[in-house]
Amino acid sequence: MSGLESTPHPLVIAVVGSGPRGISVLERIAVRATAEAAEAAEATEATEAAEAGRSPRPVRVLFIDATEIGAGRVWRTDQDDWFTMNTVISQVTMYSGGPDGGPHRPGAGPSLGEWIAHRHETAGEPALGPDDYAPRVRYGQYLAHVHRTIAEHLPTHVELVPVTGRVTALRTGPDDRYLLSLDSAPHLLEADRVVLATGHPFNAPDAFERTMLDFTERTPGTHYLCGDSAADMALDEETVPPGSAVGIKGLGLSFYDVMLSLTVGRGGTFEQAAGADGGGELRYVPSGREPHIVAGSRSGLPIPARGRNQKRPDFSHRARFLTRDALVAARQKRGGSGQLDFAQDVLPLLQQEIDHVFYVTHVRNSAGPEAAETFSDAHAELLLSGGDPGPLRAAAGLGDVPPVDLDALARPFGDARFASPEEFRERLLAVMDEDLAQAELGTLDGPLKSALDVLRDIRNVVRLAVDYGGLLPASHTGFFHGRFLPVNALLSAGPPMARVEQLRALVRQGIVEVAGPGTRFEADDAAGAFRVVSPQVKGSARHVQSLIDARIPTPDLLRDTSPLTRQLVAEGMVRPYVIEGPEGEEYATGGLEVTTSPFHVVDAAGRIRPDLYALGIPTEHTRWFTQVGSSRPGVNTLFYQDADAIAADVLRPLGADADRETAAAAIIPAQQANSRAGQTGSAASSGLGAAVGVRRGEGA
């Protein structure tokens, strides 16, 4: 890309959504545009006088957000500080390169941890250690800082225009440019290229939600809150009065946010009681304004804690079993469409990765690093060759240590029956105690938590198996979505240990009650209240006046209530991604269909729109685990690669469109085959290489 062209107007790029995904694209546009300007300056110096004076074409970036420019809705900077991230601050960055001694700017800036340390030193803001977890509001402030430094260091040919407003429609104009309608001034914008990075959706109620909402309409004094970010929920004392009983559906990450809003957010505090060894039991001191919380889920288990972090920010797990080559071989063995069965082709390899880390960590703890390395090589060779690792494990003193059982960890209560809520509570507290003890051992020294961290470290390879219809439709919707993802979410994405300790204190003191496994949430007309009950816990039924869904809505293009999404679907500018099986079977995923990198939108007729892109959560189900909200320092993550690929493409010369549209017709038939063969887009493939700061290495 030369970056040089003659055009009557600037190249106008609209980025809709200014949360982490939107900022990541903006940051890479800035880096590439700066490199473009440097190339143009060098070319000018090298030309004869008659050719001097050339400069890159002007670029205007419209940066649009309905909530807060530079932070977005989920990370906005006016939220309360008890909402916490679940990634340690040293592993979070929005800059595509680390600090280099110069000013913070695109391609060279601090990680979240480095920025917090800098703010502590220069502005006296609270300090956090590299392995601590920041409040979400601090990350929002960091995002705002990143946005400011981008705006302050753009090359002269790039103009950044912040636009606060909600995009309600997107259509093509008479000259094939895009027209964006807004709900506020300036009401209409024009752009040559549009990037949709719209984040978490608001969905129309499903059948359960509709039933609950209908119940509240006919039952005075009851309230039902659909799932959303807890910072945007009506958790005030009018909706959930002090002393009342409130039900919470879901025990995942958002549950902790709701729990804290109803306790710490009501003026309560946690205190560490004095102990003989200097540390005592954590206790909650109520304010008197709290409700009684009755919570539950399918498993009956609050999401376990993340292990105490012991990994460097640039840590990268080296897969030995679930590898790109192993997936290619599995597809070839399948033949035909090459689509995989997750339970048969992927999970066994993933289980080997988990078990290998688990046993190697045990050996390192008991016999030291040299013995662990020797054991690791022999153990891996046995697993790869299909041999029996039992004798080797026995020789290492691990013969009676069973492999990691993901299902048992995620469903520790199984089908057990409990004679009373008190009996279940004691069992629950014992499970939580054991989990916290395992978490304290750490993500490198703790055999269990280091093994479970593999689920997080190896997401990229799982994506190669799953993305773009990589699984057979029945396997995708049945096993992957129905069985694996709930277990994976429960065991790999937990909160900080401190949050689980706080919940344990609230359970011990009776402020929070977990109903039990298989919790049912019902509307009870006779009682004029909601009913929460576990069929496995005798006497667990409780009536509550308010019911809160503490689950983040799953992206679904056809249920999204956004005016923009509804217009795009109704007018055929986008379509849901459909997985097609070898026998003609189909599964509509609900994800917005995009091509492989750089993620052009596909319309209802199957045409690729080369100037319209979608990134992140709207494309979930076409791609997997798109809700990731940052890159990692020193690691070539997919988060970074995705942003860079779009930045490179949106900056292409306008005159290249005709050629791209001709070539685009071949992308859809080829993209699934490419994905199944393990091919992915790379930031390095776009041609500027080191000139724009492309990083090398593997990323999670």
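Guide: Ala, Val, Leu, Ile, Met, Phe, Trp, Tyr, Cys and Pro count as nonpolar, Asp, Glu, Lys and Arg as charged, and the others, Gly among them, as polar. This is a predicted model, in which local features need pLDDT of at least 70 and side-chain atom pairs count only at pLDDT 80 or more, while totals for chains, interfaces and linings use all residues. Residues are numbered from 1 along each chain as its sequence is written, and side-chain values use heavy atoms, with hydrogens and water left out.

Visitor: How do the residues that line the largest cavity divide into nonpolar, polar and charged?

Guide: That lining divides into six nonpolar, three polar and three charged residues. Its members are P304, A305, R306, G307, K449, L452, D453, L490, L491, S492, A493 and G494. Among the elements, α12 (447-457) and α14 (473-492) each give two or more residues to this lining.

Visitor: Which residues are the closest to the centre of the second largest cavity, and which elements give two or more residues to its lining?

Guide: The second largest cavity holds about 60 Å³ of space. Its lining has 11 residues, of which S24, E27, M94, F639 and Y640 are the closest to the centre. The elements giving two or more residues to this lining are α1 and α17, and the lining divides into five nonpolar, three polar and three charged residues.

Visitor: Why is the pair R28 and D644 called a salt bridge?

Guide: A salt bridge is a side-chain nitrogen of Lys or Arg within 4 Å of a carboxyl oxygen of Asp or Glu. The closest N and O atoms of R28 and D644 are 2.7 Å apart, and the pair therefore meets that criterion. The search of the whole structure finds 43 salt bridges.

Visitor: How do you know whether R28 and D644 are buried or exposed?

Guide: Buried means under 20% relative accessible area and exposed over 50%, with partly exposed in between (1.4 Å probe, protein chains only). R28 has 1% relative accessibility and therefore counts as buried, and D644, with a relative accessible area of 0%, is buried as well.

Visitor: Which of these words, buried or exposed, applies to R76, and which to D78?

Guide: The salt bridge between R76 and D78 has its closest N and O atoms 2.6 Å apart. At 13% relative accessibility R76 counts as buried, whereas D78, at 60%, counts as exposed.

Visitor: What parts does the pair R542 and E513 tie together?

Guide: The side chains of R542 and E513 meet in a salt bridge with an N to O distance of 2.9 Å. R542 lies in strand β16 (residues 542-544) and E513 in strand β13 (residues 512-514), so the pair ties together parts that are 29 residues apart in sequence. At 24% relative accessibility R542 counts as partly exposed, while E513, at 17%, counts as buried. Elsewhere, salt bridges that share partners join R73, R76, D78, D228 and D232 into one network.

Visitor: Why do β5 and β6 count as paired strands?

Guide: Strands are DSSP runs (E, at least two residues), as helices are (H or I, at least four), and two strands pair if DSSP finds at least two bridges between them. Strand β5 (residues 178-182) and β6 have four bridges in the antiparallel sense and therefore pair. One of the bridge partners is A191 in β6, which belongs to Y178.

Visitor: What is the order of the sheet with β4, and which strands stand at its edges?

Guide: The sheet is open, with three strands in the order β4-β5-β6 and antiparallel pairing. β4 (167-172) and β6 (188-191) stand at the edges with a single partner strand each, so one side of each is left without a neighbour in the sheet.

Visitor: What is the order of the open sheet with β14?

Guide: Three strands form that open sheet in the order β14-β15-β16, and the pairing is antiparallel. β14 and strand β15 (residues 529-533) pair over five bridges, and R520 stands opposite V533 in β15.

Methods:
On a 1 Å grid over the protein atoms alone, a cavity is a set of points where a 1.4 Å probe fits but cannot get out, and a pocket is an open set with protein on both sides within 12 Å along at least five of seven lines; lining residues have an atom within 4 Å of a point. Grid points are joined across faces, edges and corners, and a volume is the space filled by probe spheres set on the points.
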